Amino acid sequence: MANTNLNPTDINATVSTGTATGGTAPSPNATFQERVEAMITYSLDTTTTPTLLQLNHFIQDAVKDITFKWIAIKPQDAYLFQRVTTKQSSTYSIGTAQVISVLRENGNTDQWQDCRRISTDLIYDVTDTQSIHYASKYNPAYHVSENGEISVFPSPDATADAWKAYYLNVVPIEESPEPGETLDSQSSGVKYFPDHLEYLIPLYASVKSLEAKLGEYSIAEEDTELVQALAPLLSAYKGEYDQAFMFHAPKQERKS
């Protein structure tokens, strides 16, 4: 995980911790914390609402929310969020991740054949040479068990019949500054995530941060002025976030 031992007041001298006093735009390589603070107009630390730990969760939740919403609208874009296993020679589990495709070598190194997915009732048939469902090295198949374990048919038994799976990434991972680490507020990039949708991550986190802050103001502090000041900002960010998906959603034909 990226370093979180930073003083939020060092990010922007015009922002006072926990107070909605306004801020300036983040740098081009800004962390997600810096981007969120610039949007919500107050800085965050371990004692604010939300805390930095909560912000970490908002950022991670954002990646998942954007991923699933986007592929629900545009399933053909699943490859934008995919990752791939290494070459496998036996069964392999990807947990609850959604399989995009499975490829198997046809007996020649790196000559890949697309595997068809089969249901549990065909597991025997794909091994029966007399069955119309028989899986050969030129027409392979795969099955995913209830625990996410992938089995490929015919089963690999040589060096040039390995397989690999492409699947939807569901674990938010940092691209920069520390590639491979868990995504958090000090990250500035995301792996297995399209660049053109990255702006939605701080937008989602800003919405959740403002919702938390408004809850604190309205319930704990009963400060109606601050509620009225931040409410329009929250509404604007919610609208912008939702609009990003609505714009790309399939248009419904008008009923006659």
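How many bridges join strand E3 to strand E4, and in which sense do the two strands run? Three bridges join them, and the two strands run antiparallel. The legends below cover this pair and other parts of the chain, all in a predicted model.

**Figure 1. The whole chain contains helices and strands.** In this predicted model, the secondary structure comes to five helices and ten strands. The chain has 256 residues, and 43% of them are buried. Of the contacts between residues at least 6 apart in sequence, 63% join residues at least 24 apart.

Figure 2. E3 covers residues 99-105 and E4 covers residues 112-114. The two strands form a hairpin with six residues between them. In the turn, glycine 107 has a positive phi of about 105°. Leucine 103 has aspartate 114 of E4 opposite it. E3 also pairs with strand E8 (residues 163-168), through five bridges in the antiparallel sense. In that pairing, valine 99 stands opposite tyrosine 167 of E8. Six of the seven residues of E3 are buried, so this strand is largely enclosed by the rest of the structure.

**Figure 3. Four strands make an open sheet.** The strand order is E2-E7-E6-E5, and the pairing is mixed. Strands E2 (92-93) and E5 (116-117) stand at the edges with a single partner strand each, so one side of each has no neighbour in the sheet. Strands in a sheet pair through backbone hydrogen bonds, in a parallel or antiparallel sense. E2 is joined by two bridges to strand E7 (residues 149-153), and this pair runs antiparallel. Serine 93 has glutamate 149 of E7 as its bridge partner.

**Figure 4. Helix H2 is largely enclosed.** H2 spans residues 32-40, and seven of its nine residues are buried, so the rest of the structure largely encloses this helix. The buried residues in H2 are Phe32, Gln33, Arg35, Val36, Glu37, Met39 and Ile40.

Figure 5. The structure holds four aromatic pairs. One of them joins tyrosine 241 and phenylalanine 245 edge-to-face, at 5.1 Å centre to centre and with 70° between the planes. Both residues lie in helix H5 (residues 224-246), four residues apart, and are separated by about one helical turn. An α-helix has 3.6 residues a turn, so residues three or four places apart point the same way. Tyrosine 241 and phenylalanine 245 are both buried. Ring pairs link Trp70, Tyr204, Tyr241 and Phe245 into a cluster.

Figure 6. Side chains of opposite charge can pair when their charged atoms come close. The side chains of lysine 87 and aspartate 110 meet in a salt bridge, at 3.1 Å from N to O. This pair links distant parts of the chain, 23 residues apart: lysine 87 is in the loop between strand E1 (82-84) and E2, while aspartate 110 is in the loop between E3 and E4. Lysine 87 is partly exposed, at a relative accessible area of 43%. Aspartate 110 is also partly exposed, at 47%. Lys87 and Asp110 belong to a network of salt bridges with Glu105.

Figure 7. In one of them, lysine 213 meets glutamate 216, at 2.9 Å from N to O. The two residues are three apart in helix H4 (residues 200-221), about one helical turn. Lysine 213 is buried, at 5% relative accessibility, whereas glutamate 216 is partly exposed, with a relative accessible area of 21%. The charged end of lysine 213 also sits over the ring of tyrosine 42, 5.3 Å from its centre.

**Figure 8. Two further side-chain pairs involve lysine.** The charged end of lysine 164 sits over the ring of tryptophan 112, 4.4 Å from the ring centre. Lysine 74 forms a salt bridge with aspartate 77, where the closest N and O atoms are 3.7 Å apart. Aspartate 77 is buried, with a relative accessible area of 10%.

Technical notes: Residues numbered from 1 in each chain as written. Predicted model: local features only at pLDDT ≥ 70, side-chain atom pairs only at ≥ 80, totals over all residues. Heavy atoms only, no water. Buried < 20%, exposed > 50% of the residue type's maximum accessible area, 1.4 Å probe, protein only. Contact = heavy atoms within 4.5 Å. Pairing = 2+ DSSP bridges. Phe/Tyr/Trp six-rings, centres within 6.5 Å; stacked < 30°, edge-to-face > 60°. Lys NZ or Arg CZ within 6 Å of the ring centre and 35° of its normal. Salt bridge = Lys/Arg side-chain N within 4 Å of Asp/Glu carboxyl O.
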